Amino acid sequence: MKKNILVVLTTFLLNGCVLFNTVSYEITMRTENSGSALVIINDICTDAKNEEEEMNDVNNVFDYAAKSSQFITDQESEGKKITNRKLFVEANQLNAMLSFDFEDINDVEGIQFDDPYYYLTLNPEDSVVSTNGQLFKNKDYKRIVWDKSIKVLKFTMFSEDTDKPGIKKMSVYFNKEK
């Protein structure tokens with residue numbers, strides 16, 4: 001999993017056995033530094049090796065991330081004011097939607113603003129599926145760059161192949177939790 005990005009996801013899905021296929025960000029800038037973000041996490045799964053680990057993953061996703069006030073508090077301490085969060089199933093995949101407001105773009109996955117550009121620096125092995133910015137690659141890093149005239153910054157990252165053996169779809173727990 002990508003280590004230097006996806007801080008929201010680490011908190012949302014916690015450490016351990018929870019994985020996901022892709023994550024998409026749509027960041028709307030209100031000023032040069034503040035705005036709102038919409039994050040969509042696709043195909044949340046677990047690679048837990050036993051029932052106890054699996055139940056911990058289920059609790060982390062369904063209770064902590066999706067329902068608890070502690071998650072809201074944890075995100076606020078990172079500069080993100082949660083405005084909405086939900087889990088939903090689509091095509092037998094458990095997905096998550098999270099939206100938040102922020103006062104400092106640096107609080108959104110470490111995106112930087114250096115007038116006249118926004119940029120996100122990634123590890124060279126990170127997989128960018130799509131972006132409305134420009135993607136630059138070299139042996140040491142990848143970087144997505146947006147001109148500040150772009151008011152909605154978008155990117156999608158691939159995280160994990162969730163169709164490989166040993167991975168269990170967490171969508172099976174969705175109706176049990178409702």
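**Exercise 1.** Which residue in strand 4 does V18 stand opposite?

*Solution.* Begin with the two strands concerned: in this predicted model, strand 1 and strand 4, the latter covering residues 45-46, run antiparallel and are joined by 2 bridges. Within this pairing, the residue of strand 4 that faces V18 is T46.

**Exercise 2.** Work out why one side of strand 1 and one side of strand 13 are left without a neighbour in the sheet.

*Solution.* Start from the order of the open sheet, whose 3 strands follow one another as 1-4-13 with antiparallel pairing. Strand 1 (18-19) and strand 13 (168-169) stand at the edges of this sheet and have a single partner strand each, so one side of each has no neighbour there.

**Exercise 3.** Describe the largest nonpolar core and the surroundings of one of its residues, I27.

*Solution.* First, this core holds 38 residues, of which I27, I44, F62 and F155 touch the most other members. Next, consider where the members come from: among the elements that give two or more residues are helix 2 (51-67), strand 2 (22-29) and strand 12 (152-158). Finally, leaving aside residues up to four places away in sequence, the contacts of I27 include A37, F102, V152, L153 and F155.

Conventions
Residues numbered from 1 in each chain as written. Predicted model: local features only at pLDDT ≥ 70, side-chain atom pairs only at ≥ 80, totals over all residues. Heavy atoms only, no water. Pairing = 2+ DSSP bridges. Helix = DSSP H or I, 4+ residues; strand = E, 2+ residues; numbered from the N terminus. Core = buried A, V, L, I, M, F, W, Y, C linked by side-chain atoms within 4.5 Å. Buried < 20%, exposed > 50% of the residue type's maximum accessible area, 1.4 Å probe, protein only. Contact = heavy atoms within 4.5 Å.
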